[in-house]
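The sequence and the structure are shown first.

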Amino acid sequence: QVRDSSIVRMEMLNQYGCRLQGLAKINIFPPDMTISISETKCYADNKTLVRFRICMNNSYDSVYKGIPVAFYDADPNSGTAVLLDNSFRTQGRAGNCDTFSAVINTPSTAIVFAVVNYNGGSASLPGAGFEETDFTNNLSQAAAEPFTVVLEPADTSINRNSSVQL
């Protein structure tokens, strides 16, 4: 069973008792993970629910267990991004794509950036949990509006036992 790129050796005897040998190099390409944010929702006062899809690509038939996903309030390549959460790890699942959810701190920028297979450094450079063929497509972004309430009128005075529509 070949689990990584390797040389496979074969040996057999033909009908005359002669030994025949051969070898072949089998190259197995690593996956090319991608992420896309499909939805963000207010979850609590300062928390946001993010739904996202991870795909393995390169003909992989299951999503690895333990793929790290990090969430930021700006592009992590900018140098000004604040880490919102990096505790998410995938569960292994059949199929080359799957959808996951995570509850993260709400970004003050109203934009959330998700990076798959990322353990620090530049989001477009290796330094990840798993080998990949392309690290430049591991980023997705989406609007994440914080929950706010605006009262109109903002300040008013009323007489006792009176009412005002908010």
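A residue is called buried when its relative accessible area is under 20%, exposed when it is over 50%, and partly exposed in between, with a 1.4 Å probe and protein chains only as cover. Strands (E, at least two residues) and helices (H or I, at least four residues) are DSSP runs, numbered from the N terminus. The model is predicted: local features need pLDDT of at least 70 and side-chain atom pairs count only at pLDDT 80 or more, while totals for chains, interfaces and linings use all residues. Residues are numbered from 1 along each chain as its sequence is written, and side-chain values use heavy atoms, with hydrogens and water left out.

Strand β6, residues 68-72, is mostly covered, as five of its five residues are buried. In a regular strand the side chains alternate between the two faces of the sheet. On one side of β6 lie Pro68, Ala70 and Tyr72, on the other Val69 and Phe71, and all of them are buried.

Two strands are said to pair if DSSP finds at least two bridges between them. Strand β6 runs antiparallel to β7 (residues 83-89), to which four bridges join it. Four bridges also join β6 to β10 (residues 111-116), again in antiparallel fashion.

**A three-stranded open sheet**

Strands β3, β4 and β9 make up an open sheet in the order β3-β4-β9, with antiparallel pairing. Each of the edge strands, β3 (34-44) and β9 (97-105), has a single partner strand, so one side of each is left without a neighbour in the sheet. Neighbouring strands of this sheet are turned by 20 degrees against each other on average, direction ignored; the axes are lines fitted to C-alpha atoms, and angles run from 0 to 180 degrees between N-to-C directions. Nine bridges join β3 to β4 (residues 47-55).

| Residue | Bridge partner | Strand of the partner |
|---|---|---|
| Tyrosine 72 | Leucine 83 | β7 |
| Alanine 70 | Valine 115 | β10 |
| Threonine 40 | Valine 50 | β4 |

**Residues in loops**

Threonine 90 lies in the loop between β7 and β8 (93-94) and is buried, with a relative accessible area of 1%. A polar atom of its side chain lies 2.7 Å from the backbone oxygen of tyrosine 64, and a polar atom of the threonine 90 side chain lies 3.0 Å from the backbone nitrogen of isoleucine 67.

Serine 59, in the loop between β4 and β5 (62-63), is exposed at a relative accessible area of 78%. Its C-alpha is 10.0 Å from that of glycine 95, although 36 residues separate serine 59 and glycine 95 in sequence.

Most residues other than glycine have a negative phi. Alanine 110, however, has a positive phi near 65 degrees. Alanine 110 is located in the loop between β9 and β10 and counts as buried, with 17% relative accessibility. Asparagine 161 also has a positive phi, near 65 degrees. Asparagine 161 is in the segment after β11 and is exposed, with a relative accessible area of 79%.

**Valine 149**

Is valine 149 buried or exposed? Valine 149 counts as exposed because its relative accessibility is 59%. The residue is placed in the segment after β11 (139-143).

Technical notes: A polar contact is a pair of N or O atoms within 3.5 Å; within protein, one must be able to donate a hydrogen and the other to accept it, and residues adjacent in sequence count only if both atoms are side-chain atoms.
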